[in-house]
Amino acid sequence: MATSPPRSPNSGDPPQAGNFAVALGAAPARGWSSLVARLPPLADSLLLAAVAGLLRRLYVGRKRRRRRPALPLPIYDDAGSSARIAGQMPKAFAILEDIVQHTMSNLHTIQKSLHYWKSRAEGTNSHKMYFMVFERGPRAFVEATCQTLTRLRSNESPSKYLLDSASDMVSTKLAVLTSMQHCLAVFLAEVYSEVDNRREGLTESSDKSLHTLFVILNTVFSKLEASIRNATEGQTLLFTHDGNSSQLIFERLPEVDFESPQWTEDLSSDAIAMVYQNLQKLDSFVSSQLSRHKKPRSMTIYWLPYTCGAIGLSACSLWLLRHSSLMGSSDLDNWIQDAKESVVGFWDEHVERPVISIRDELFETFKRTDKRVMEKEEVQLTEETLRRMLISFCEQTKNKPPQDASSQELLEIVMRRYEMESAHPLWNLFGGELAVAMLIQVQKLKLDLQEAMLELDQILKANEINFAILAALPAFGLSLLLLIVVRAWAMHDQGAEGRGRIARHQRWQLLIEVEERLEEFKECMTKEMEEEALCKYGLTLYTLDRLYKAVELHAKKTTEWSSVRQKMFKLAKPNVGVSDKLDVLQGLKWNYACLRPYLS
């Protein structure tokens, strides 16, 4: 008998608490509906009813969460996959998926905190002292300052005290988080191993699969309970739960045979509720430990920059208020007007006019070509006038040139005559040819100037599009900077699931981490360290789950998803040898474009 999956525990509420939360969330909508019912009939009553319906959907739907894709369990054969696709997933499958996803989520939270505290442990002494004073919140800042002043008065070294305190605190947090990670990783590995060993019972009828599931969960929950109890025996002061020594006791599920008369629908429903109660207890225990040992919030770490920013913003607001019209000053209005004019001027000078110039340069070439032809004709006219003046001067001085003489030869004749005439300038200015020779030189200077202007105009027009692009460079630079900022904001915190070179590198690092976990698992098996091997196997499953979620979208884009999914499924199976898994991993590393650290 197939049925819909039970409620996921990801929200942290048992089934009864979830119903209560939904009912409580729908209270505003019911209150709005009752208020509308008490009002007299209005023309806009349909609008009010629509608002009430919108509020009801908003508050009731807020608790629903979309199930994220996760690493498949080792029970998804062809029949199981077909049932999953058809939407007829057995209850046992759904409960196991919830347990695995819940454990993966807790492991991910612990892993992030472990990474943070390890970076603090590996930091320099100056970084550790800065952390102890400035990155633990204002209260810790006051306490560290008081301790520093006290030790300075007693001629003791405050740095030694801060470093010792940092080492003790970080080592304590790392010990607790490592123990929690070990217990949950072993629990996850036990779930996968038991599911693989009893997969035939889990894929049978609904009642038989539930009976098999309860047997499996009794086994793994009892082992988890013993593992946590053993971890807390040597670290009583580290593990606390609501101020008392932690005592995590799970409810034992009924193992009544499904063919027995004692097996009823109510019994199975109560047992399923007990499963989620056990998950709730585990979540409460992990949350209580993480509340003291997890990575601090960003507000705590960066409280000092935030405080300085808030003070600066307040001072800036007071300064603006002082210069605003509320205080009788027109400075702010004048500044706004100046800023507006500056923006308009920048837009006109660096955006609009350069773009129009580029457009004109590209689409009005023929008009400008006609203008250039007219300029050349004017230069040609000046050159012809100069030649006629040279010929006339030569004829007047009885030095008739040949018919094919060039302008340069005629000009040489004029210059020789000019040298002779300049020997007696006053006499030849009025009675000779000196004045005509000077006018010819002026005409030659005019021709040279026009030719130079024509060449310069051609150079400017040929590079006008370049000048327009240069004028638009500031606007292009600002647009590019804005695009980079928007892209960084949009891609923020996507990690290995994002796009680009950094995300590819992170996915490659996950592959390397899976390989390292498998090598560690192989070494533990060689040394017959069963519990440690289970821990390494559980951490391998956690890393595979992260890789599975990170690569799914990219693999589907390259049509490689089916093959990649099958290989990851094989890597997660407990009954596959380590050597075979390492071979599969090598194929994943080099044969699929979605997992390579670079674009091929």
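Predicted model: local features only at pLDDT ≥ 70, side-chain atom pairs only at ≥ 80, totals over all residues.
User: Is V286 buried or exposed?
Analyst: The relative accessible area of V286 is 3%. Buried means under 20%. V286 therefore counts as buried.

User: What volume does the largest cavity have?
Analyst: The count comes to one cavity of 30 Å³ or more. The volume of the largest cavity is about 70 Å³.

User: Which residues that line the largest cavity are the closest to its centre?
Analyst: The lining of the largest cavity is made up of 11 residues. Closest to the centre are M180, C183, L184, I228 and F285.

User: Which helix supplies the largest share of the lining of the largest cavity?
Analyst: Three helices each supply at least two residues of this lining: helix 8 (158-197), helix 10 (206-233) and helix 11 (265-293). The largest share is four residues, and it comes from helix 10.

User: By class, how many residues in the lining of the largest cavity are charged?
Analyst: The lining has 10 nonpolar residues and one polar residue. That leaves the charged class, and its count in the lining is none.

User: Where is E190, and is E190 buried or exposed?
Analyst: E190 has its place in helix 8. Its relative accessible area is 11%, and buried means under 20%. So E190 is buried.

User: Leaving aside neighbours within four places in sequence, which residues is E190 in contact with?
Analyst: Neighbours within four places in sequence are set aside here. With those left out, E190 is in contact with V220, K223 and L534.

User: Why does the span of helix 5 agree with what it should be?
Analyst: Helix 5 covers residues 91-121, which is 31 residues. At 1.5 Å a residue, those residues should span 45 Å. The end C-alpha atoms of helix 5 are 45 Å apart, so the two agree at 45 Å.

User: How many residues of helix 5 are buried?
Analyst: Helix 5 is mostly covered. Out of its 31 residues, the buried ones number 22.

User: Which residue meets R120 in a salt bridge, and where is that residue?
Analyst: The structure holds 18 salt bridges, and one of them brings the side chain of R120 to that of E135 at 3.0 Å, N to O. The pair links distant parts of the chain, 15 residues apart, with R120 in helix 5. The partner sits in the loop between helix 6 (125-134) and helix 7 (138-153), and that partner is E135.

User: What separates D164 and K160 along helix 8?
Analyst: These two form a salt bridge, with the closest N and O atoms 3.1 Å apart. D164 is partly exposed at 37% relative accessible area, whereas K160 counts as exposed at 53%. Being four residues apart in helix 8, they are separated by about one helical turn.

User: Which residue just after helix 20 takes a positive phi?
Analyst: Helix 20 (residues 501-526) has 26 residues and reaches 38 Å from its first C-alpha to its last, close to the 38 Å expected. Just after this helix, a positive phi of about 60° is taken by E528.

Conventions:
Residues numbered from 1 in each chain as written. Heavy atoms only, no water. 1 Å grid on protein atoms, 1.4 Å probe; cavity = no way out; pocket = protein on both sides within 12 Å on 5 of 7 lines; lining within 4 Å. Points joined across faces, edges and corners; volume = space filled by probe spheres on them. Nonpolar A, V, L, I, M, F, W, Y, C, P; charged D, E, K, R; others polar. Expected span 1.5 Å × (residues − 1). Buried < 20%, exposed > 50% of the residue type's maximum accessible area, 1.4 Å probe, protein only. Salt bridge = Lys/Arg side-chain N within 4 Å of Asp/Glu carboxyl O. Contact = heavy atoms within 4.5 Å.
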